[in-house]
Amino acid sequence: MIIAVVVILVLIVFGLIIYNVSIHKKIQKFKNMNQKITNLYVVQDFMNAIGETSTVEQKIKKINDILIERYEIKYSTIVVFDGAEYQVKASNVDQKHWGALKALQEVDMFKDSIQSATPKYVTVNNENERLPYQEMEFGRAKSAIFFPLYIDNVYIGYWIIESGTPHDFDNVDTTVLEVIKENIVSVLKTVVHQKTLESIVRKDLFTGLYNEEYLYGEGKKIIDQYTISTICMFKIINIQEINRKYSRELGNKVITQVSKYVSENLAEDYVFVRYMGPKFVIAFSGVETNSVADFLNDIKEKIENMEIELTEEEKKELNLEVKPSRAKSKTSKEIAIPKLNFVISSYYKGTGLEEILKKLEEYLDHADRSESDITNI
């Protein structure tokens, strides 16, 4: 009888062990599935951050905030080498510690990590110790993982996560962190093109207007606040004639006067840039093509009734003299009257702005030299 009871108890124990193992596997499977779902959410959040109308720095900061929130990371810092120096692009660490954080590539243990392209885990054993790279701070971080970042095998910086608890990352799933790191690299690789555009945005010397590149960065943010907008490109079609017949200086004044008049008559929500040479672009944000016709006709009429000339004072400043071949008498004037050719097209948010601009430019470049109209294509 006792033997039978023992056997039953042993079977029950084995059954419980098998049940517990099964439950553990299911829990682990659930954790893995939950982690995968979290990763997918993070990737989606990353993509949303990239698509937001913000600067590169704001996007990287948003990505870092996502990492901190989604993975409950105590401290997260992204440092990128800009070609001249290391810069902290995003961090939730007090700014007084940034000097140390952007100099980690000089720490021996991290030099090895950068050379081997492998992460480096460092920690302390008790609260009285500090991490090797810490200079003045003792209580903030007690463990950290350093991840070197590479784009197409080119080292571009690093990502470091830190905790205020010793050995806090001992059992962390490094595969998940590697996925996060690769997502950071993907984001940095995506926004590098935007950064290039932002860095080459300039204001035109004569008109004070932004150049073409502005349209693809800050300008596009304004335009993409609306589902549909109208893109207008116009060209001063007789600028070469003015330059040749009178002077380049008078041609420059024509450009400045035309751009000034247009600027003064545009709403703040509209984007106006000097596209190239005598070509300009107006983006009527949130306005359809049939609503801009009257305005453009009025602008065109006013500008083409302008009589632009250099004053005597301007001629003196420019050291210009009236050439005998160009002047019939001392009282003759060199007056330029600009002629414009307009072309407009609809732009829908999310579509290729550069393709529309290319189409408009091609139209103006191939239009008859005498054409002076407002054309909708």
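Helix α4 (residues 108–116) lies across β3, β4 and β5 and runs at about 35 degrees to β4. Such angles are taken between N-to-C directions, from 0 to 180 degrees, with axes as lines fitted to C-alpha atoms, for helices over the stretch in contact. Contact means heavy atoms within 4.5 Å. This is a predicted model, in which local features need pLDDT of at least 70 and side-chain atom pairs count only at pLDDT 80 or more, while totals for chains, interfaces and linings use all residues. Residues are numbered from 1 along each chain as its sequence is written, and side-chain values use heavy atoms, with hydrogens and water left out.

**Overall make-up**

- The protein chain has twelve helices and ten strands; these are DSSP runs numbered from the N terminus, helices being H or I of at least four residues and strands E of at least two.
- Of the 377 residues in the protein chain, 42% are buried. Buried means under 20% relative accessible area, exposed means over 50%, and partly exposed lies in between, with a 1.4 Å probe and protein chains only.
- Among contacts in the protein chain with a separation of 6 or more, 67% are between residues 24 or more positions apart.

**The antiparallel sheet**

- Five strands form an open sheet in the order β2-β1-β5-β4-β3, with antiparallel pairing; two strands pair if DSSP finds at least two bridges between them.
- At the edges are β2 (86–91) and β3 (120–123), each of which pairs on one side only.
- From one strand to the next, the twist in this sheet averages 20 degrees.
- Strands β4 (residues 143–151) and β5 (residues 154–163) run antiparallel and are joined by nine bridges. Within this pair, I145 has I161 of β5 as its bridge partner.

**The loop between β4 and β5**

- Most residues other than glycine have a negative phi, and most peptide bonds are trans.
- D152, found in the loop between β4 and β5, has a positive phi of about 50 degrees although it is not a glycine. At 57% relative accessibility, D152 counts as exposed.
- N153 also has its place in the loop between β4 and β5, and its phi is positive, near 65 degrees, in a residue other than glycine. The relative accessible area of N153 is 76%, so this residue is exposed.

**The mixed sheet**

- A further open sheet of five strands has the order β7-β8-β6-β9-β10, and its pairing is mixed.
- Its edge strands, β7 (271–276) and β10 (374–376), each pair on one side only.
- The twist here averages 25 degrees from one strand to the next.
- Helix α10 (residues 293–303) packs on this sheet and touches β6 (228–236), β8 (279–284), β9 and β10. The direction of helix α10 makes about 155 degrees with that of β9.
- Three bridges link strand β9 (residues 340–348) with β10 in the parallel sense. I344 stands opposite N376 in β10.

- Six of the six residues of β8 are buried, so the strand is largely enclosed by the rest of the structure.
- Both faces of β8 are covered, with K279, V281 and A283 buried on one side and F280, I282 and F284 buried on the other.
- Pairing between β6 and β8 is antiparallel, over six bridges; F234 has F280 in β8 as its bridge partner.
- β7 and β8 also pair in the antiparallel sense, over five bridges, and R274 stands opposite F280 in β8.
- The hairpin of β7 and β8 has two residues between the strands, and in this hairpin G277 takes a positive phi near 55 degrees.

- Rolling a probe the size of a water molecule over the atoms shows where empty space is left.
- One cavity of 30 Å³ or more is present in the structure. A cavity is a set of points, on a 1 Å grid over the protein atoms alone, where a 1.4 Å probe fits but cannot get out; lining residues have an atom within 4 Å of a point.
- The largest cavity has a volume of about 40 Å³. Grid points are joined across faces, edges and corners, and the volume is the space filled by probe spheres set on the points.
- The largest cavity is lined by L250, E309, L310, K315 and E334.
- By class, this lining of the largest cavity has two nonpolar, no polar and three charged residues. Nonpolar covers Ala, Val, Leu, Ile, Met, Phe, Trp, Tyr, Cys and Pro; charged covers Asp, Glu, Lys and Arg; the others, Gly among them, count as polar.

How values were computed: 1 Å grid on protein atoms, 1.4 Å probe; cavity = no way out; pocket = protein on both sides within 12 Å on 5 of 7 lines; lining within 4 Å.
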